[in-house]
Amino acid sequence: MPLPVVMVGATVLATIAFALFAVRRFGNDPTQFIVGGRSFGTLLLWVLMCGELFTTFSLLGIAGGVYSRGAEIYYPIAAVGIAYIVAYLYLPPLWRYAKEHNLLTLADFFATRYGSKRFGAVVALLSAFIESLGLLVYLTGLQIVLRMAGLGALGSTQAVLIAFGLITLFVFTAGLRGMAWASVIKDVLMFGTILTVGLWLPIAFFGSPAAMLDRAIAARPHDFTIAAWTAGNGKLWFVTTVILNAVGFFQASAVAATYAAKSERIVRRNVMLLPLYTLSLVPVYFAGYTASLVLPGLRGPQADSAYLIVLREHFPLALLGAVCASGALAALIPSAARLLAAASQLMKNVAVDLLGVSREGAVQTWLTRIFIMLVASVALLLWLFLKASLVDLLLFLFNGAVQFTPGVVFGLFWKRASLASVSIGLAIGECAALSLTVHPLPLAGLSPGFVALALNVATAVVLTFALPKVPLVKSGGSS
Amino acid sequence: MRSLAKLARIALIVLPLVALGVVPIFISGTSPRIFGAPPIMWWTVLWLALTPVCLFSVERLRER
């Protein structure tokens, strides 16, 4: 068996073992299982957030974009920076609301704030569907990593099944708290390998990162200016994509992570400190540019793993093994987060709140676990048999997930925002996102997800003003 | 004095928003370079590093 494959396997097993060892026994309380008992301090929350938010996209997708695209590939850096500013404004009030009303999930916010369990259940189903699509992206990312580590088509599919099965059992056992501990290893390993590879690659071939950038600029002088206003990836695309990604950065799983904080102050401090981890994206750019100089001409998915191919051909195999190992964790930890987010919403907002299954904590925790197995199985089956025909739906993933944010922000800051206006806005946003994904329109270079988001917001605002004021269900104070 | 602090807080929020969301589209070409990095790279990375600084300052002003 190739060395990198052994390293991936050993790392995944060691991470799971470490987390299971580190996690305190927490019984069968759903609050413990889903939001860690709202007890996380700054460091553990920071580690968990970094663990969830930096995925195979950071490791492969951005490098592939640097390899094959122009200046617009700087959008992730801009978007992540802005995402934290947006988060600084709305996550602390969201945490406060969640604590006051004992919320467990994203859909709980919609059910409680807008006073409709049915709306909560609809949001839960929609969100669970979107989270499952996210799983398919990670499964494919995991397979790319395992193939680069040296497995063939069949071997890598089998390895994906085994790894995904293990991580499912892991989150089944250890819940959110276990994920946070597993993220400790993932974050350190990912940071270390990105830094090593991002510096070593340009130094080995060109002497220093600066000398490498000299060559990259000489070779592709036009790839450092963003294209014209309405070009396919021009100025309008850049601004709208940055806004879209910033608004949609904290999705259902990251909302659950926010609830896990011990205090509002910890949420604030955490959001302020997160940009520091994002600086680790910079070496990924170095790796991408180096690969484009050393090994030009690759296309499609091959471009994403261009620097891994360079590593395989010119460096000790152990280095490729380390990158693949952190790549595997970068797919598996976020998968666990999405599994838990989907399962907890199906349990809390559909089974318990809507169908009245059980009021008992232990039953609810076990129900969440059953949903974890269910969602994981469905995602695996879809991935195995329908991968090719799901490409369109995968594009829908992000554009669909972002549509929840307006309802949260309006709910927190605008007393008048009501069930009717927000739910119709959400419905229009989701329909627009889906139809623009299936039938792409030119849109003068605007990002389709942004157009859907704008329709969502506009509908909610107009309807809120147009509809008669309805008294809030129970929000304290006079309304 | 209070309103001044509030103004400063708003400015410290808007500044990185504009610097990261809008300014990059007006950056063109490959000079000036800092440590070999082209303008779009050093500008976005610089502001990503400055964002926590801005947010810390907002937090300080809020606590007073």
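In this predicted model, 58% of the 479 residues of chain A count as buried. Chain A is built from 21 helices and 0 strands. Its radius of gyration is 22 Å, close to the 23 Å that the globule rule gives for 479 residues, so chain A is as compact as a globular protein of that length.

Let's now look at one pair of helices. The axes of α7(A), residues 117-148, and α8(A), residues 153-206, come within 9 Å and cross at roughly 125°. That angle is why α7(A) counts as oblique to α8(A). The crossing of the two helices is right-handed. On the α7(A) side, the contact is made by A:Leu139, A:Leu142, A:Gln143, A:Leu146 and A:Arg147, while α8(A) brings A:Ser156, A:Thr157, A:Ala159, A:Val160, A:Ala163 and A:Phe164. By type, the residues of this contact divide into 7 nonpolar, 3 polar and 1 charged.

Where chain A meets chain B, 32 residues of chain A are in contact with 27 residues of chain B. On the chain A side, the elements giving two or more residues are α5 (75-101), α9 (209-219), α10 (235-247), α12 (264-278) and α13 (282-294). Helix α5(A) gives the most, with 7 residues. The residues of chain A on this side divide into 26 nonpolar, 3 polar and 3 charged.

Terms used
Residues are numbered from 1 along each chain as its sequence is written. Chains are lettered from A and ligands numbered from 1 in the order in which they are written. This is a predicted model: local features need pLDDT of at least 70, side-chain atom pairs count only at pLDDT 80 or more; totals for chains, interfaces and linings use all residues. Two residues are in contact if their C-beta atoms, placed from the backbone, lie within 7 Å. Helices (H or I, at least four residues) and strands (E, at least two) are DSSP runs, numbered from the N terminus. Ala, Val, Leu, Ile, Met, Phe, Trp, Tyr, Cys and Pro count as nonpolar, Asp, Glu, Lys and Arg as charged, and the others, Gly among them, as polar. Axes are lines fitted to C-alpha atoms, for helices over the stretch in contact, and angles run from 0 to 180 degrees between N-to-C directions. Angles under 35 degrees count as roughly parallel, over 145 as roughly antiparallel, 65 to 115 as roughly perpendicular and the rest as oblique. A crossing is left-handed if the near helix is turned anticlockwise from the far one by less than a right angle, and right-handed if clockwise. The radius of gyration is taken over C-alpha atoms; the globule rule is 2.2 Å times the number of residues to the power 0.38. A residue is buried if 20 or more other C-beta atoms lie within 10 Å of its own, exposed if 12 or fewer, and partly exposed in between; C-beta atoms are placed from the backbone.
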